[in-house]
Amino acid sequence: MKTPAEAYDKFSAAVKAQNGAALFDALDQQTRWDWMTIQKYHREAYDIVLSNYPEGAEREREAHRFQGGATATSARELFSAEVAPHLLPTLVPLAQGNAKIEKVEGDADNRATAVLASGARVPLARGEDGGWGYAGLARDAEELQTRAYHALEVVRASAADYERAATRATK
C-alpha cells in the first residue's frame with residue numbers, strides 16, 4: 001500500500017472478512033519477513049528431526065512441533081492456519097473504518113497511526129520497499145522468530161548429540 005490510509009483500509013477489509021491470508025498481506029514488511037523466517041526455521045528443524053533423531057517419542061513430539069511450518073507452502077499459509085483464526089476476532093474493534101491517520105512524531109516517514117472514533121489506535125509502518133502495512137503484530141512476530149531460531153539451535157545440537165551417540169555405539 002502506498003499510503004497509511006490504504007494500509008488501514010486493507011487491514012480493515014481483511015479483518016471484516018475474517019480472512020487470514022488477506023490479513024497477512026496487510027501486515028508491514030518486517031512482520032511478513034519475520035513469518036517467512038519462522039517458516040524457514042521450522043522447515044529446517046523438521047528436516048533435521050526426521051533425518052537425525054532416532055525413532056521414538058521425542059522424534060514424534062519434535063516432528064509434530066515443527067510440522068505446521070514445514071508443510072505450509074508459504075509463510076502466508078502458516079500465519080493463516082496457526083495465528084489468524086484466534087487473532088482475527090480480537091481485531092474486529094480496530095476495523096471500524098473512518099480512521100484519522102496521524103504521523104508518529106519523530107518518525108513520521110516510517111510510522112503512522114490510524115486513530116478511530118473510539119480512541120483505538122492502529123499502528124502502521126512503512127517497510128524498506130516503501131509500502132505501508134499493519135504493524136500491530138511486529139513485536140510478537142519478532143519474538144516468535146527469535147524463539148524459532150533458538151528452537152532450531154536446540155534441534156541442531158540434539159541432532160549432533162544423536163550422531164555422536166550413534167557413532168560411539170558402532171565402535
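**View 1. Arg126 and its opposite residue in the sheet.** In this predicted model, Arg126 stands opposite Trp132 of β4. Strand β3 covers residues 121-126 and is joined to β4 by three bridges, the two strands running antiparallel. Strands are DSSP runs (E, at least two residues) and helices likewise (H or I, at least four), numbered from the N terminus; strands pair if DSSP finds at least two bridges between them. Residues are numbered from 1 along each chain as its sequence is written. Local features need pLDDT of at least 70, side-chain atom pairs count only at pLDDT 80 or more, and totals for chains, interfaces and linings use all residues.

View 2. The order of the four strands is β1-β2-β3-β4, with antiparallel pairing. Because β1 (100-103) and β4 (132-134) each have a single partner strand, one side of each edge strand is left without a neighbour in the sheet. Helix α1 (residues 4-16) packs on the sheet, touching β1, β2 (111-115), β3 and β4; contact means heavy atoms within 4.5 Å.

**View 3. Lining of the largest pocket.** Residues lining the largest pocket include Trp35, His42, Arg65, Glu82 and Arg147. A pocket is an open set of points on a 1 Å grid over the protein atoms alone, where a 1.4 Å probe fits, with protein on both sides within 12 Å along at least five of seven lines; lining residues have an atom within 4 Å of a point. Helix α7 gives the most to this lining, with four residues.

How values were computed
Heavy atoms only, no water. Axes fitted to C-alpha atoms, helices over the stretch in contact; angles between N-to-C directions.
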